[in-house]
Amino acid sequence: MALTLPKLPSKNAGTDKNLAEKYRRLFNDRKRICLFTLLVFLGTLVIVNIGLTLWLITALRLNIHGSGPISFKEYGLEIRGSTFSLGSIHTKQLRGGQNGKLKLFSDRDIVFKSGNSSLNLKHNAVVETNQFTVKNTEGTEVLSINRDGIFAPRGKLVGSTISVDSAVQTPLVKSSAGSTLVLESL
């Protein structure tokens, strides 16, 4: 014979039944569970999206005036501060800042090209052009190099060594003060 204990009435018997009934109604309704899960997922997605947007704004230094040191003006693109380019830069005009200085740094060479002319800045500058002219601030020609020769009409031409293939024509050749003048012919 099995022995069974009588059930004693509990103080919270009515509230336990109410809670159980509420949970049963909530979890038995599959539509509510799906909607609740969808709302939690969408809320998490919105929070992650806002976080990524704020991170992107911070990483790109975006503000109301432009994208960090880069801003678009009527006359073109303005870059404040240092800018690094891993590839080529193609432009019509390149200017310095308020103080007028434009600094270009390169690990290797800086090459400027226009039409048939090019300027290659490296440990020694190389200029390739049909005609090369240097003018002073008044606009007067100081040095001109073309197919006809080298002309320095307003000054003197000084060099430590000069190699000429055909001929040198000059009314006067002199050395620097205190050093000897050496002319050699091969």
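**Close-ups of a predicted chain**

**View 1. Two residues are enough to link β9 and β10.** A hairpin takes the chain from β9 to β10 through two residues. Strands here are DSSP runs of E with at least two residues, helices are runs of H or I with at least four, and both are numbered from the N terminus. Two strands pair if DSSP finds at least two bridges between them. β9 and β10 (residues 149-151) run antiparallel and are joined by three bridges. Look for Ser144, whose bridge partner in β10 is Phe151.

This is a predicted model, where local features need pLDDT of at least 70 and side-chain atom pairs count only at pLDDT 80 or more, while totals for chains, interfaces and linings use all residues. Residues are numbered from 1 along each chain as its sequence is written, and side-chain values use heavy atoms, with hydrogens and water left out.

**View 2. β8 and β9 make a hairpin too.** Here β8 (residues 132-135) meets β9 (residues 141-146) in an antiparallel pairing of four bridges. Thr133 has Ser144 as its bridge partner in β9. Five residues sit between the two strands, and Gly139 in this hairpin has a positive phi near 90°.

**View 3. Three strands line up as an open sheet.** The order is β5-β6-β7, and the pairing is antiparallel. β5 (110-114) and β7 (126-128) are the edge strands, each pairing on one side only. On average, neighbouring strands of this sheet are turned by 5° against each other, direction ignored; the axes behind such angles are lines fitted to C-alpha atoms. Between β6 and β7 there are three bridges.

**View 4. Zoom in on Ser118.** This residue belongs to strand β6 (residues 117-121). Is Ser118 buried or exposed? Ser118 is buried, because its relative accessible area is 16%, and buried means under 20% (over 50% is exposed, in between is partly exposed; 1.4 Å probe, protein chains only). Its bridge partner in β7 is Glu128. Beyond neighbours within four places in sequence, Ser118 is in contact (heavy atoms within 4.5 Å) with Phe112, Lys113, Val126, Val127 and Glu128.

**View 5. Now step back to the chain.** Two helices and 10 strands make up its secondary structure. Of its 186 residues, 4% count as buried. The mean pLDDT (the predictor's confidence in each residue, from 0 to 100) is 76, and 78% of the residues reach 70 or more. Where pLDDT is low, the predicted coordinates should not be read in detail.

Conventions: Axes are lines fitted to C-alpha atoms, for helices over the stretch in contact, and angles run from 0 to 180 degrees between N-to-C directions.
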